[in-house]
Amino acid sequence: MTESLMETKPVKDLLMKVSALGADGGDVRLKRIVHRVVSDLFRTIEEFDVQPDEFWSAMAYLTRVGQANEIGLLVPGLGLETFLDMRLDQAEQQAGLEGGTPRTIEGPLWLEGAPLSVGEARLDDGSEQGEVLFMQGQVRDLNGKPVAGAVVDVWHANTKGGYSGFDPSQPKYNLRRRIQTDAEGRYVFRSILPSGYACPPDGPTQQLLDVLGRHGHRPAHIHFFVVAPGYRKLTTQINIDGDEYLHDDFAFATRDGLIPSVKRVSDAASIHEKGLNAPYAEIDFDFVLHAETAAAPKTVVERAHAPA
Ligand SMILES: [Fe+2]
C-alpha cells in the first residue's frame, strides 16, 4: 500500500512553512487556520487522488465565481451561511437565550440606506405587476413589551425574481424600505407578493449545482433586518406559504416559525377600504427580539455589500 504523503516529514514541514506556524510574527490564530485549511486541501487531494488537470479546473472555477460576483450565492448554496446561523443559535442557546423570532440568512442583496418612514410604508411605486400585499405586525421583546422606534428594514424581489439595485429595470430602492415602529411597536407596509427566483442559469454557482444534481431555486420570501437600541439585531426572512420550493430552498433558509399564513382578502368592502379594485393578500407577522447581552456573540455582522 502506498504510504500517505500527508504523514511524511516533508509534507508536515511544508505545511508548517506555508502557514509560518512556529515562526515569529504574523497573526497566530490566522496561521493556525491557514495550516488547517491547507492541510485539509492536501488531504482531500490525496484521498481522492485529485489529478493536476482537475485541480486547475477547480482553481479556474473559483476565479469565475469571483469574476461573476457570485461568492454571495455560492456561500449559501454550500450551506455555509446556514452553518454560521446554526453556530449563532448554538451560542445563544448556551447563553440561555430562548424564544424570539428565528434568524435566517441575509443573502447577498441587501442595500444600505433604503428610505425610512414611521409606522407605515409602501414599497412599490405602482409599476410592479403582482398581487397586492399588506404585511403588518408588532415588534416586541420576550416579555411581550412593544418595542417602539425599532427599525424594520425590509427588502424583496419583484414577480420576476429581481431586486432593485441589481436588476437595472427597477427604480432605486424599489421594494426596499425601512419602517420605524410606532409607539405600540407596530409596522405596516404595502407591497406586492414576490416570486421565488433561481441562480443565474449560466453562472458558476448553477454550474456546480448541476454537477451535484441540485437545483438553484429559492422559494418566494421577504428579507428583514430588525434593529432597536438595546436589542440584538435580527436578520431573518419570511417565506410565502404555498411556494413549490418552500421546503427545498437551495440556500437552506426556510425555518419553522418563518412561514406565516397568507390571507386572501376578496370581500368588496375590504377591497374598497384599501382603495383597490382586486383581491389582495395579507400577512400578519410579529418580530420578537432578544435584549442585547454580552453573553452571546454579536449579531451585527460586518460584511461587504454592493454600493447602493
Ligand atoms: Fe432574497
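**Figure 1. Overall view of the two assigned domains.** The centres of domain 1 and domain 2, taken over C-alpha atoms, are separated by 41 Å. The model shown is predicted. In the domain assignment of the protein chain, domain 1 covers residues 5–50 and domain 2 covers residues 73–289. The C-alpha trace of the chain spans about 80 × 45 × 35 Å along its principal axes. The chain holds 7 helices and 13 strands. Of its 308 residues, 29% are buried. Taking contacts between residues at least 6 apart in sequence, 70% join residues at least 24 apart.

**Figure 2. The open sheet of 5 strands.** The strand order is E1-E5-E4-E9-E10, and the pairing is mixed. At the edges stand strand E1 (116–118) and strand E10 (234–239), each of which pairs on one side only. On average, neighbouring strands of this sheet are turned by 25° against each other, direction ignored.

**Figure 3. Pairing of strands E9 and E10.** Strand E9 (residues 221–227) runs antiparallel to E10 and is joined to E10 by 6 bridges. Within this pair, histidine 223 lies opposite glutamine 237 of E10.

Figure 4. E3 pairs with E6 in the antiparallel sense, over 7 bridges. With strand E12 (residues 280–284), E3 pairs in the parallel sense over 4 bridges. Phenylalanine 134 has a bridge partner in each of these two strands: arginine 190 in E6 and glutamate 282 in E12. E3 also runs parallel to E13, and 3 bridges join the two. There, valine 139 has phenylalanine 287 of E13 as its bridge partner.

**Figure 5. The largest nonpolar core, with 32 residues.** The members that touch the most other members are Val139, Val152, Val154, Trp155, Phe189, Val226 and Leu289. A second, separate core has 10 residues, among them Leu73, Val75, Phe250 and Phe252. In soluble globular proteins, nonpolar side chains tend to be buried together.

**Figure 6. Surroundings of valine 139.** Neighbours within four places in sequence are left aside here. The remaining contacts of valine 139 are Pro146, Val147, Ala150, Val152, Thr181, Gly185, Tyr187, Val226, Ala228, Phe287 and Leu289. Of these, Val152, Val226 and Leu289 are also listed among the core residues that touch the most other members. Phe287 is both a contact of valine 139 and its bridge partner in E13.

**Figure 7. Alanine 95 in the loop between helix H5 and E1.** Helix H5 covers residues 80–94, and alanine 95 lies in the loop between H5 and E1. Alanine 95 is classed as partly exposed because 14 other C-beta atoms lie within 10 Å, a count between the limits of 12 or fewer for exposed and 20 or more for buried. Apart from neighbours within four places in sequence, alanine 95 is in contact with Thr293, Ala295 and Ala296. Alanine 95 and glutamate 46 are 49 residues apart in sequence, and their C-alpha atoms are 40 Å apart in space.

Definitions and conventions. Residues are numbered from 1 along each chain as its sequence is written. Two strands pair if DSSP finds at least two bridges between them. Axes are lines fitted to C-alpha atoms, for helices over the stretch in contact, and angles run from 0 to 180 degrees between N-to-C directions. Domain bounds come from an automatic or database domain assignment. A nonpolar core is a set of buried Ala, Val, Leu, Ile, Met, Phe, Trp, Tyr and Cys residues joined through C-beta atoms within 7 Å. Two residues are in contact if their C-beta atoms, placed from the backbone, lie within 7 Å.
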